[in-house]
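The following explanation leads through selected parts of a predicted model. Please consult the sequence and coordinates shown here alongside the text.

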Amino acid sequence: MNNLTIFDLIGKLSKYNDAEINMVLQAYKYAEYLHKGQVRQSGEEYIIHPLNVAYILAEMNADCDTICAGLLHDTLEDTNISKEEIAEIFGDEVAKLVDGVTKISKMNFSSKEEQNMANTRKIITGITEDVRIIIIKLADRLHNMRTLQYKSEFKQKENAIETLDIFAPLAYYIGNYRIKSELEDLSFMYLKPDEYFRILDERNRIEEENKECLLEMLKTIEAILTDKNIPNEIKIRTKNIYGIYKKMAEGYQMKDIHDLHNLKIMVDSIPNCYQSLGLIHQAYNPVNNKFKDFICCAKPNMYRSLHTTVYSGTGQIVQTQIRTFDMDKVASFGLATYWDLNKGNARHEMQQELRNRCQFMGSLMEINSMFSDNTEFVQHIKQEVFTDNIFVYTPNGERIELPKGATVIDFAYRIHTQVGNSMIGAFINDEFKPVDYVLKNNDRVRIVTDHMSYGPESDWADKAQTTLARRKIQEFGSIR
Ligand code: MN
């Protein structure tokens with residue numbers, strides 16, 4: 001927002017108590033005093049930047065410490081104040097947050113040199129300490145990307161690449177689609193302006209074409225749900241430019257992207273999500289293979305929703321996403337939603353949730369412990385953690401997350417080293433397959449082992465996709 005003032009920020013704090021509002025006010029005055037005389041490249045007073053960062057955080061209902069840290073986030077680096085002084089005035093928590101953000105800000109992720117790889121490693125493993133540091137850093141990056149027009153062309157490109165490489169995936173992993181999409185589109189606009197505006201125009205044209213049909217469906221579904229006394233709100237959602245670009249790079253025509261526009265249907269409870277699904281299928285024929293239940297199987301970044309694609313009856317096919325109002329908050333803000341849903345101990349809950357999603361955190365920590373070499377570490381993280389994943393199931397229905405392209409070998413070593421070392425193949429949905437079979441989403445996998453096995457074949461390491469499996473196979477080879 002341009003010309004933002006402290007009153008706009010305070011306007012966002014209606015749910016905070018008087019003491020908290022006062023603390024934010026003091027943090028603002030202090031930051032303004034410390035940054036006095038500094039100007040941004042836009043010519044504005046410097047304070048406008050931390051104020052915007054705090055505003056973005058307040059939009060997420062961040063806790064008071066986080067908003068204060070947002071206001072003070074550049075003071076350690078750009079002014080004479082020390083961490084101890086911040087701690088004395090605003091408390092240890094605020095000081096720790098500001099210090100954490102400062103450490104990340106000093107890193108340079110764009111070069112491929114060893115030092116920078118070490119930095120990347122620090123930020124990635126740093127999210128295990130206090131995820132609020134990452135959220136502040138994302139808000140900081142978002143405002144910088146929104147005001148990138150004042151930087152040199154070189155800086156614009158450098159920042160855009162770094163944002164696409166590191167910050168947008170981080171936003172995705174903590175479930176913050178809102179920030180992820182905006183960061184992606186801003187980066188893409190600076191990296192490939194011609195394509196950006198070409199896609200934007202085309203998207204607007206198709207939107208215009210489909211508008212009538214979408215509005216018609218919106219009204220029909222609204223009437224059906226209201227008739228059944230299901231409290232609802234329905235919105236038309238449009239895919240972000242960079243998301244469209246990636247789909248088109250896979251060979252899709254824009255008009256064939258089935259979720260280019262979709263209807264986001266929010267209702268009050270989970271049972272009503274399923275009832276709405278049934279009602280929608282009664283009114284519109286579903287496209288057979290396009291139904292997904294992310295309510296019972298949430299994505300690892302917490303996203304929950306029912307997806308079904310239906311025929312509009314007038315020639316279009318339209319994706320609908322059905323979820324509760326709370327799930328919709330999670331879909332927009334991810335982990336940060338804990339501030340909103342769970343005021344009491346949100347900070348603790350957020351860290352806990354990160355730890356519970358142990359498949360992501362687990363593989364991250366595992367890879368961290370395996371590599372002393374930072375370049376290798378970053379490569380593996382990008383390959384395995386910041387990549388598309390598939391879900392497969394054990395015979396008991398336990399869900400295992402693996403990177404796209406993973407084979408039976410990766411699955412077996414994920415279950416147990418001994419299972420990996422002694423397997424001879426696997427039943428995939430009741431069909432026997434060799435160890436190098438590439439797993440597909442939703443495969444049910446039952447490993448067959450030979451308890452007289454001599455151990456893994458030497459070529460298994462090449463057929464595995466995950467660091468864990470390769471490392472275990474090599475370890476076995478070295479003791480043989
Ligand atoms: Mn900043």
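Strand 8 spans residues 423-428, and M423 belongs to it. With a relative accessible area of 3%, M423 falls under the 20% cut-off and is therefore classed as buried. Beyond its neighbours within four places in sequence, M423 is in contact with V408, I409, A412, Y413, V435, I447, V448, T449 and W460. Among these contacts, Y413 lies 10 residues from M423 along the chain, and the C-alpha atoms of M423 and Y413 are separated by 9.7 Å.

Strand 2 (residues 261-267) runs parallel to strand 5 and is joined to it by six bridges; within strand 5, Q321 stands opposite K264. Strand 4 (residues 306-311) is likewise joined to strand 5 by six bridges, but these two strands run antiparallel. Here I317 of strand 5 is the bridge partner of Y311. Five residues lie between the strands in the hairpin of strand 4 and strand 5, where G313 adopts a positive phi near 95°.

The last element is helical. Helix 11 has 15 residues (177-191) and reaches 21 Å from its first C-alpha to its last, close to the 21 Å expected at 1.5 Å a residue. Its buried residues are I179, K180, L183, E184, D185, L186, S187, F188 and Y190.

Notes. Residues are numbered from 1 along each chain as its sequence is written. This is a predicted model: local features need pLDDT of at least 70, side-chain atom pairs count only at pLDDT 80 or more; totals for chains, interfaces and linings use all residues. Side-chain values use heavy atoms; hydrogens and water are left out. Helices (H or I, at least four residues) and strands (E, at least two) are DSSP runs, numbered from the N terminus. Buried means under 20% relative accessible area, exposed over 50%, partly exposed in between (1.4 Å probe, protein chains only). Contact means heavy atoms within 4.5 Å. The expected span of a helix is 1.5 Å times one less than its number of residues. Two strands pair if DSSP finds at least two bridges between them.
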